[in-house]
Amino acid sequence: MAQPLAYTPPPHPPGQQAFTARDDLERLLETMHETGTLRLLHDLLARFEDAVAVPLKHLDTPGGRNGLSTLLVLGRFLGQLDADGTSRFFDALAHGLGDAGERLRRDDDPPGFIALTRRLHDDDVRRGLDAVVTLLGSLGARLTEDAD
């Protein structure tokens with residue numbers, strides 16, 4: 001359960017009068033007026049029913065309901081991911097895609113079967129293949145598990 005924040009605002013500087021809540025509110029309103037935020041909020045609230053009707057109309061279709069369900073499943077999935085592992089994975093993926101793109105830009109002949117087989121002696125290649133095969137194995141296990 002949420003806990004209240006233990007925050008007390010700092011005291012006002014010596015020799016200066018403390019701002020009251022009314023002073024803060026007046027400054028906030030003035031700033032919102034000067035930046036146009038107040039007018040935007042006013043117009044949005046005045047047209048709130050019209051603004052909300054458009055997305056609600058699209059959500060009230062089979063495609064909209066399906067999209068919303070997919071979004072909820074995606075959110076649940078993202079909440080289960082380990083942030084550090086995901087960061088490492090996407091960092092490695094970005095570098096790998098960059099290296100692959102660089103390889104595709106070269107004009108030399110593609111490597112033959114023997115040259116590709118030699119690459120299997122590289123620890124990094126084997127580590128990447130192991131990660132891909134592990135991913136495919138886990139995916140296959142979950143797909144057959146869901147079917148049972």
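**Entry 1: terms and model**

I started with a term: buried means under 20% relative accessible area, exposed means over 50%, and partly exposed is in between. I noted that this is a predicted model. I then looked up phenylalanine 89, which has a relative accessible area of 49%. Phenylalanine 89 is therefore partly exposed, because exposed needs over 50%.

**Entry 2: aromatic rings**

How many aromatic pairs does a search of the whole structure find? I found one. The pair joins phenylalanine 89 and phenylalanine 90, with ring centres 5.3 Å apart. Their planes stand at 80°, so I wrote the pair down as edge-to-face. The cut-off behind that word is an angle over 60 degrees. I reminded myself that a pair of aromatic rings is described by two things, the distance of the centres and the angle of the planes.

**Entry 3: the largest pocket**

Next I looked for empty space. Rolling a probe the size of a water molecule over the atoms shows where such space is left. The largest pocket holds about 710 Å³ of space. I listed its lining, which has 16 residues. Which of them are the closest to the centre of the pocket? They are Phe89, Ala92, Leu93, Gly128 and Ala131. Two elements give two or more residues each to the lining: α5 (83–105) and α7 (123–147).

I stayed with α7. Glycine 128 is found in this helix. Is glycine 128 buried, partly exposed or exposed? I read a relative accessible area of 33%, so glycine 128 is partly exposed. I then checked glycine 128 against alanine 92. The two are 36 residues apart in sequence. In space, their C-alpha atoms are 9.8 Å apart.

Leucine 129 also has its place in helix α7. Its relative accessible area is 41%, so I marked leucine 129 as partly exposed. From leucine 129 I counted eleven residues in sequence to glycine 140. The C-alpha atoms of leucine 129 and glycine 140 are 16 Å apart.

**Entry 4: a nonpolar patch**

I turned to the surface. Leu56, Leu59, Leu68, Leu71, Leu72, Leu74, Phe77, Leu78 and Leu81 form a nonpolar patch there. Together they have about 850 Å² of accessible area. Which helices each supply at least two residues of the patch? I noted α3 (48–59) and α4 (62–80). Helix α4 gives the most, with six residues.

Leucine 68 lies in helix α4. Its relative accessible area is 39%, so it counts as partly exposed. A patch residue needs over 30%, and leucine 68 has its 39%.

**Entry 5: salt bridges**

Side chains of opposite charge can pair when their charged atoms come close. How many salt bridges does the structure hold? I counted seven. I looked up some of them.

Arginine 27 forms a salt bridge with aspartate 24. Their closest N and O atoms are 2.9 Å apart. Both residues lie in helix α1 (residues 21–35). They are three residues apart, about one turn of the helix. Arginine 27 is partly exposed at 43% relative accessible area. Aspartate 24 is partly exposed too, at 37%.

Arginine 47 meets aspartate 50 in a salt bridge, at 2.5 Å from N to O. Arginine 47 has a relative accessible area of 53%, so I listed it as exposed. Aspartate 50 is partly exposed, at 39%.

Arginine 65 and aspartate 60 also meet through their side chains, at 3.2 Å from N to O. Arginine 65 counts as partly exposed, with 43% relative accessibility. Aspartate 60 is exposed, with a relative accessible area of 59%. I closed the notebook there.

Definitions and conventions
Residues are numbered from 1 along each chain as its sequence is written. This is a predicted model: local features need pLDDT of at least 70, side-chain atom pairs count only at pLDDT 80 or more; totals for chains, interfaces and linings use all residues. Side-chain values use heavy atoms; hydrogens and water are left out. Patches are made of residues with over 30% relative accessible area and no salt bridge: like charges are joined within 9 Å, nonpolar side chains (Val, Leu, Ile, Met, Phe, Trp, Tyr) within 5 Å. Accessible areas come from the Shrake-Rupley method with a 1.4 Å probe; for residues, only the protein chains shown count as cover. A salt bridge is a side-chain nitrogen of Lys or Arg within 4 Å of a carboxyl oxygen of Asp or Glu. Helices (H or I, at least four residues) and strands (E, at least two) are DSSP runs, numbered from the N terminus. Buried means under 20% relative accessible area, exposed over 50%, partly exposed in between (1.4 Å probe, protein chains only). Rings of Phe, Tyr and Trp (its six-membered ring) pair if their centres lie within 6.5 Å; planes under 30 degrees apart count as stacked, over 60 as edge-to-face and the rest as tilted. On a 1 Å grid over the protein atoms alone, a cavity is a set of points where a 1.4 Å probe fits but cannot get out, and a pocket is an open set with protein on both sides within 12 Å along at least five of seven lines; lining residues have an atom within 4 Å of a point. Grid points are joined across faces, edges and corners, and a volume is the space filled by probe spheres set on the points.
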